[in-house]
Amino acid sequence: MLADLLAWLEGTRVATWTRESPSLWAYPTVLTLHTVGLAIVVGVSAVVDLRLLGVARRVPLATLMPAFRLIAWGFLLNAVTGLLLLIADATMKMRQPVLYVKLALIALGLRCTVLARKEIRYGPVAPTSTVSPRASVIAMASLLLWAAAITAGRLMAYL
Amino acid sequence: MNAVVAWIQATAVSRTIVEQPWIWPAAETAHFLGLALLLGIIGLLDLRLMGFLPRIPIGALHELVPFALGAFGLNVVSGATFLVGHPEQYAHNIAWWLKAASLALAGANALVFERLFARRTLGMREGEPMPAAVRWIGAISMAAWLSVLYWGRMLPFIGDAF
């Protein structure tokens, strides 16, 4: 039943195109966009996390609010490109335990990003202010979870 | 060029990188962590230089640059690991040379900013418009770093590296 579904997904036009088209616009470009999205989501989150941990303290926390919009666009880009990469090799990838580890880490990382946004939105707005021990814990967890998600993603090519 | 490739391949460190199965994936993971941190920090700075995110004080944001340099250092080391492990994949790979050229452009552009524009720009107050030259530096930086990422990603598809 599940195997049929995965085989059907793999056989769809868009999956076949992603996997088999010799065009640089197919698999190579989807993979490149996935990497750009990764850099936006993880890199911009890391900037927010570093600030919450006390780096570049003179950046007022409230001015970082637009960063979350960037993260959201990066995430959307990676949800779309990630789905394409997944259905292109659905049978093989859905059998990899590390995929589920990666997805769980992304869910937790995202949760931390949402929590960090709340801390900034409703926390103190004065420049140079640090927030709270709670915010530091969120920031640290976010850095670790996103780094672990990248590691799991890389390991999909090996495990 | 081929003599250099053969010489590198014969070194003990090159043999080790090829023979230890964990080194390559570990270096790849480090390379991706480094690229995310580097592009996140530099990308936000570039956006600010281009005139976006005007409320973020540019001088304060610039304090993140040492972290970007640390990330770059990580990527130099992990990148050198690939290069020393399989020099034959890169020496004749047009994508690798374009990546190196993009990197040189990004570096030169950053140097121009730090030498000629940093002092004045980093002291700017909220709402002060960015001079055109600084906006260009931000745009060139972003284009150059995206180009580094693009050609890096194309290494297996245009050349035949893995």
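User: Where does Thr29(B) lie?

Analyst: In this predicted model, Thr29(B) lies in helix H3 of chain B, which covers residues 23–50.

User: And is Thr29(B) buried or exposed?

Analyst: Thr29(B) counts as buried, because its relative accessibility is 9% and the cut-off for a buried residue is under 20%.

User: Which residues is Thr29(B) in contact with, leaving aside its neighbours within four places in sequence?

Analyst: Thr29(B) is in contact with Ile150(A), Thr151(A) and Arg154(A).

User: Which helices of chain A supply the side that touches chain B?

Analyst: Helix H3 (27–52), helix H4 (65–88) and helix H7 (133–155) of chain A each supply at least two residues of that side. The largest share, 15 residues, comes from H3(A). By class, the side of chain A that touches chain B has 24 nonpolar, six polar and three charged residues.

User: What about the whole contact: how many residues does it take from each chain, and what area is buried?

Analyst: The contact takes 33 residues from chain A and 31 residues from chain B. About 2800 Å² is buried between the two chains, and carbon and sulfur atoms give 79% of this area.

User: Switching to aromatics: how many aromatic pairs are there over all chains?

Analyst: A search of the whole structure finds five aromatic pairs. One of them joins Trp24(B) and Phe82(B), whose ring centres are 5.0 Å apart; the pair is tilted because the planes stand at 50°. Trp24(B) is in helix H3 of chain B and Phe82(B) is in helix H5 (residues 65–85) of chain B, so the pair links parts of the chain 58 residues apart.

User: Are those two residues, Trp24(B) and Phe82(B), buried or exposed?

Analyst: Trp24(B) is buried, with a relative accessible area of 9%. Phe82(B) also counts as buried, at 11% relative accessibility.

User: And what kind of aromatic pair do Tyr150(B) and Trp151(B) form?

Analyst: Tyr150(B) and Trp151(B) form an edge-to-face pair, with 5.0 Å centre to centre and 80° between the planes. Tyr150(B) is partly exposed, its relative accessible area being 28%.

User: Back to charges. How many salt bridges does the structure hold over all chains?

Analyst: The structure holds six salt bridges over all chains. Among them is the pair Arg134(A) and Glu119(A), with the closest N and O atoms 2.6 Å apart. Arg134(A) is in helix H7 of chain A, whereas Glu119(A) is in helix H6 (residues 97–122) of chain A. Glu119(A) is buried, with a relative accessible area of 13%.

User: Where does Asp89(A) lie, and which residue forms a salt bridge with Asp89(A)?

Analyst: Asp89(A) lies in the loop between H4 and helix H5 (90–93) of chain A. The salt bridge of Asp89(A) is with Lys93(A), and their closest N and O atoms are 3.9 Å apart. Asp89(A) is partly exposed, at 22% relative accessible area, whereas Lys93(A) counts as buried at 13%.

Methods: Residues are numbered from 1 along each chain as its sequence is written. Chains are lettered from A and ligands numbered from 1 in the order in which they are written. This is a predicted model: local features need pLDDT of at least 70, side-chain atom pairs count only at pLDDT 80 or more; totals for chains, interfaces and linings use all residues. Side-chain values use heavy atoms; hydrogens and water are left out. Contact means heavy atoms within 4.5 Å. Buried area is the accessible area (1.4 Å probe) that two parts lose on being put together, summed over both. Helices (H or I, at least four residues) and strands (E, at least two) are DSSP runs, numbered from the N terminus. Ala, Val, Leu, Ile, Met, Phe, Trp, Tyr, Cys and Pro count as nonpolar, Asp, Glu, Lys and Arg as charged, and the others, Gly among them, as polar. Buried means under 20% relative accessible area, exposed over 50%, partly exposed in between (1.4 Å probe, protein chains only). Rings of Phe, Tyr and Trp (its six-membered ring) pair if their centres lie within 6.5 Å; planes under 30 degrees apart count as stacked, over 60 as edge-to-face and the rest as tilted. A salt bridge is a side-chain nitrogen of Lys or Arg within 4 Å of a carboxyl oxygen of Asp or Glu.
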